[in-house]
Amino acid sequence: MVSQNSSASGSSSQSRLSDPVLKCYHNEVAPLRVVRHNGPRLGMKFYACAYWPVSKETCGFFSWVDDVNLIQDMQFQILDKDTTITDLENKVKMLKEKNENLKDQLAEVGIECNERRLMMECEANDKRKTYALLLSWV
């Protein structure tokens, strides 16, 4: 689709409301133009880089109006994939936060288990001392 046709010369035409808005690779609106030179493509409409033909900084964007539906479909697919990527990045972020919360909870449970184990050991020691004292008394 990227092409530079030296036989086609164009000028910006008045954009109608029904014309889609395409952006060139500079992320600027690519104006709708019309072939003005005599030849088989005379009068055909096309979109080209916003800087074409007045600047050497053209990005090479070019699309015939007939190809716009294909471009719009591709742009929609890219937008859809970008949305999917953003959704997945948000899920990753939430899962990382959940993972951190679970680690904190696990640490708290570990501390609580250690405290209970120590309490049980103390109680067991107290019972042993009580039995030892009871046996020594008897």
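This is a short walk through a few local features of one protein model.

First, the ground rules. The model is predicted, so local features need pLDDT of at least 70, side-chain atom pairs count only at pLDDT 80 or more, and totals for chains, interfaces and linings use all residues. Residues are numbered from 1 along each chain as its sequence is written, and side-chain values use heavy atoms, with hydrogens and water left out.

Let's start with the cysteines. How many disulfides does a search of the whole structure find? The search finds 0, where a disulfide is a pair of cysteine sulfur atoms within 2.5 Å. Cys 49 is in none; the nearest cysteine sulfur belongs to Cys 59, 3.7 Å away. As a reminder, a disulfide is a covalent bond between the sulfur atoms of two cysteines.

Is Cys 49 buried or exposed? Cys 49 counts as buried because its relative accessibility is 0%. The cut-offs: buried is under 20% relative accessible area, exposed is over 50%, and partly exposed is in between, with a 1.4 Å probe and protein chains only. Cys 122 has a relative accessible area of 47%, so it is partly exposed.

Cys 49 also leads us to Arg 33. The backbone oxygen of Cys 49 lies 3.1 Å from a polar atom of the Arg 33 side chain. Arg 33 sits in strand S3, residues 32-34. Strands here are DSSP runs of E, at least two residues; helices are runs of H or I, at least four; both are numbered from the N terminus. Arg 33 is buried and has no salt bridge. That term needs a side-chain nitrogen of Lys or Arg within 4 Å of a carboxyl oxygen of Asp or Glu. The nearest side chain of opposite charge is Glu 28, 9.7 Å away.

Next, the backbone. Which peptide bond is cis? The one from Trp 52 to Pro 53, with omega near -5°. Pro 53 lies in the loop between strands S4 (45-48) and S5 (62-64). Trp 52 and Pro 31 are 21 residues apart in sequence, and their C-alpha atoms are 9.6 Å apart. Pro 31 is in the loop between S2 and S3. With a relative accessible area of 19%, Pro 31 is therefore buried.

Asn 27 has a positive phi, near 65°. Most residues other than glycine have a negative phi, and most peptide bonds are trans. Asn 27 is in the loop between S1 (22-23) and S2 (29-30). It counts as exposed because its relative accessibility is 55%.

Last stop: helix H1, residues 68-137, which holds Leu 134. Leu 134 counts as partly exposed, at 47% relative accessibility.

Methods
Lys, Arg positive; Asp, Glu negative; His and termini not counted. Polar contact = N/O pair within 3.5 Å; in protein donor to acceptor, adjacent residues only side chain to side chain.
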